[in-house]
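Let's take a friendly walk through this structure, one place at a time. Have the sequence and the 3D view ready as you read.

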Amino acid sequence: MRVHPEALNEEERATYEWQMWIDGLGETGQRRLKGATALVSRCGGLGGPLCYHLASAGIGGLIIAHAGTVQPSDLNRQILMTHDGLGQSRVESAKRRLLELNPRLRVEAVSENITEANAGALVGRADIVFDCAPVFAERFAMNRACVQQGKPMIEAGMFEMEGQVTTIIPEETPCLACLYPEEPPAWKRQFPVLGAVSAMAAAIAAVEGIKLIAGFGKTLAGTLLYYDSRDMTFQRIPAVRRPGCAVCGTK
Ligand SMILES: [Zn+2]
């Protein structure tokens, strides 16, 4: 993917020294991470730990879109939120925590959810997109904007003890609408969730994005990784494009 690498200063070299020892990442990959900006939809049970891992790994910028204020029921999983932040803006809480970890990070806190109206502009300011929204309308809006603009999108979802992650590369892999032509009829906005299970999907999605930005390893492009943490099974399911897909199809 296209990124403009940025030079590292001495503090950054010291901070990221141990991960720059990773075969394939190195200083070249670290400079690419510093030059990258990611859009993350929602900073809850999935997007929160995802943002934390991207920030700790030295990504240059994060644009985080999430409406609303911190509720008590967020605190079992939304690790960027704190008890003393109850009633305050979720994205501002997230921004504060992320800057405590990495003051070099550029964070744009967008206090609204992704919609058809704002998706194009937000995707346009990012190099890579992470879909961590639990609402299909948001996910479809992001998918459409990413396909139109040719931006990679890491797609992560979870339900109860299960999770799934795939990496969508426009023109190469199926898009979200290939996998879900319509919203699954049984889908509910509120669902059972354990923070550690959503954090698993977040960590997998973060690794996918870091590999894609830094330019090493093999991603889940064309593969849906599904896990059931109730018995800790992982499956790799091949995903194929649908020729008649309304978003990425050729006709
Ligand atoms: Zn498609």
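Rings of Phe, Tyr and Trp count as a pair if their centres lie within 6.5 Å. In this predicted model, Phe 136, Phe 140 and Tyr 180 form one aromatic cluster. The structure holds five aromatic pairs, and two of them can be followed here.

Begin with Phe 136 and Phe 140, whose ring centres are 5.5 Å apart with planes at 55°, so this pair is tilted. Both residues belong to helix H6 (residues 136-149), where they sit four residues apart, about one turn of the helix. Phe 136 is buried at 2% relative accessibility, and Phe 140 is buried too, at 15%.

Now turn to Phe 136 and Tyr 180. Their ring centres are 5.2 Å apart and the planes stand at 70°, so the pair is edge-to-face. Because Phe 136 lies in H6 while Tyr 180 is in the loop between helix H7 (176-179) and H8, the pair ties together parts that are 44 residues apart in sequence. Tyr 180, at 21% relative accessibility, counts as partly exposed.

Next, find helix H3 (residues 47-56) and helix H8 (residues 195-214): their axes come within 8 Å and cross at roughly 35°. The crossing is right-handed. On the H3 side, Pro 49, Leu 50, His 53 and Leu 54 take part, meeting H8 residues that include Ala 199, Ala 203 and Ile 210. By class, this contact has nine nonpolar residues, one polar and no charged ones.

Finally, look at the cysteines Cys 175 and Cys 245. Cys 175 is buried at 1% relative accessibility, and Cys 245 is buried at 4%. The structure holds zero disulfides.

Definitions and conventions:
Residues numbered from 1 in each chain as written. Predicted model: local features only at pLDDT ≥ 70, side-chain atom pairs only at ≥ 80, totals over all residues. Heavy atoms only, no water. Axes fitted to C-alpha atoms, helices over the stretch in contact; angles between N-to-C directions. Helix = DSSP H or I, 4+ residues; strand = E, 2+ residues; numbered from the N terminus. Left-handed = near helix turned anticlockwise from the far one by under 90°. Contact = heavy atoms within 4.5 Å. Nonpolar A, V, L, I, M, F, W, Y, C, P; charged D, E, K, R; others polar. Disulfide = S-S within 2.5 Å. Buried < 20%, exposed > 50% of the residue type's maximum accessible area, 1.4 Å probe, protein only. Phe/Tyr/Trp six-rings, centres within 6.5 Å; stacked < 30°, edge-to-face > 60°.
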